[in-house]
Amino acid sequence: MPSPSMHTPTPHRREGSAPWWEPLGLRPAGTRPASANERHVEAAVLAVLAQHPPVAFAGDTPDATLTGEALAALAQQAAERVARAQDATADERARLGWAHIEEALAGPSAAETLDHGRWAGFTRGEATAWLWNLLQFEPHGYAPPGALLRAEVLRQLEDGGLPEAFGYPERARELANRGLTPREYRRHKEAIGAATFSAADVRFT
């Protein structure tokens, strides 16, 4: 499975060094259960690969070739480009989060006190702001069927509703009882470097 490599490229195998494919960010998947016999077969294949490093890789034009070091550098540059784009997306997600908070707290019905349901006692603005915070910093619904519920919660919130899923009203009450406001909670999360949630960050095993 490909995985970005951060160490110095050394494509040819030396005694005691990593195999040539590791600097390219490649490694055996190793995710499926295997018997001892299957592991022995894999070890034999890897031993052959380690003994026969490639002389060159195809370049960007028909007659061009690349060294292992050059290919590893290109792969690293590609990984960094994607990482920068992901960081920019995260920055925009955080900015929009703040915008939702401020909009909720300044809206025309922000001061309306809720008198029923699990959000009772909060103002509409506070409840809405807490929902945006908790959806971004304390997410639930990583996989179906929870992911479907999360999408519905987000849709309702964007439509002006106050969904009561995932125990968010109780979590917001707990935080408010500690004396936190939605703004203070968000500032604290930013101060400790907490990241806003992205479904693209979820790992499935």
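Predicted model: local features only at pLDDT ≥ 70, side-chain atom pairs only at ≥ 80, totals over all residues.
User: Which elements does the protein have, and in what order do they run from the N terminus?

Analyst: Helices (H or I, at least four residues) and strands (E, at least two) are DSSP runs, numbered from the N terminus. The protein has 6 helices and 2 strands, and their order from the N terminus is α-β-β-α-α-α-α-α.

User: How many residues of α3 are buried, and what covers them?

Analyst: A residue is buried under 20% relative accessible area, exposed over 50% and partly exposed in between, using a 1.4 Å probe and protein chains only. Of the 14 residues of α3, 12 are buried, so this helix is largely enclosed by the rest of the structure; among them are Trp130, Trp132 and Phe137. The cover over the buried residues of α3 includes α2 (68-106), α4 (146-158), α5 (168-177) and α6. Across the protein, buried residues make up 28% of the 205 residues.

User: How are two packed helices described, and what is the case for α3 and α6?

Analyst: Two packed helices are described by the angle between their axes and the distance between the axes. Axes are lines fitted to C-alpha atoms, for helices over the stretch in contact, and angles run from 0 to 180 degrees between N-to-C directions. Helix α3 (residues 124-137) packs against helix α6 (residues 182-191) at an angle of about 20°, with their axes 9 Å apart. That makes α3 roughly parallel to α6, a term for angles under 35 degrees.

User: Which residues of α3 and α6 meet?

Analyst: Contact means heavy atoms within 4.5 Å. On the α3 side the residues are Glu126, Ala129, Trp130, Asn133, Leu134, Gln136 and Phe137, and in α6 they meet Pro182, Tyr185, Arg186 and Lys189.

User: Where is Phe57 found, and which residues does it touch?

Analyst: Phe57 lies in strand β1 (residues 57-58). Not counting residues up to four places away in sequence, Phe57 touches Trp20, Leu24, Ala64, Thr65, Leu66, Thr67, Gly68 and Leu71. The C-alpha atoms of Phe57 and Leu71 are separated by 7.5 Å, although these residues are 14 residues apart along the chain.

Terms used
Residues numbered from 1 in each chain as written. Heavy atoms only, no water. Parallel < 35°, antiparallel > 145°, perpendicular 65-115°, else oblique.
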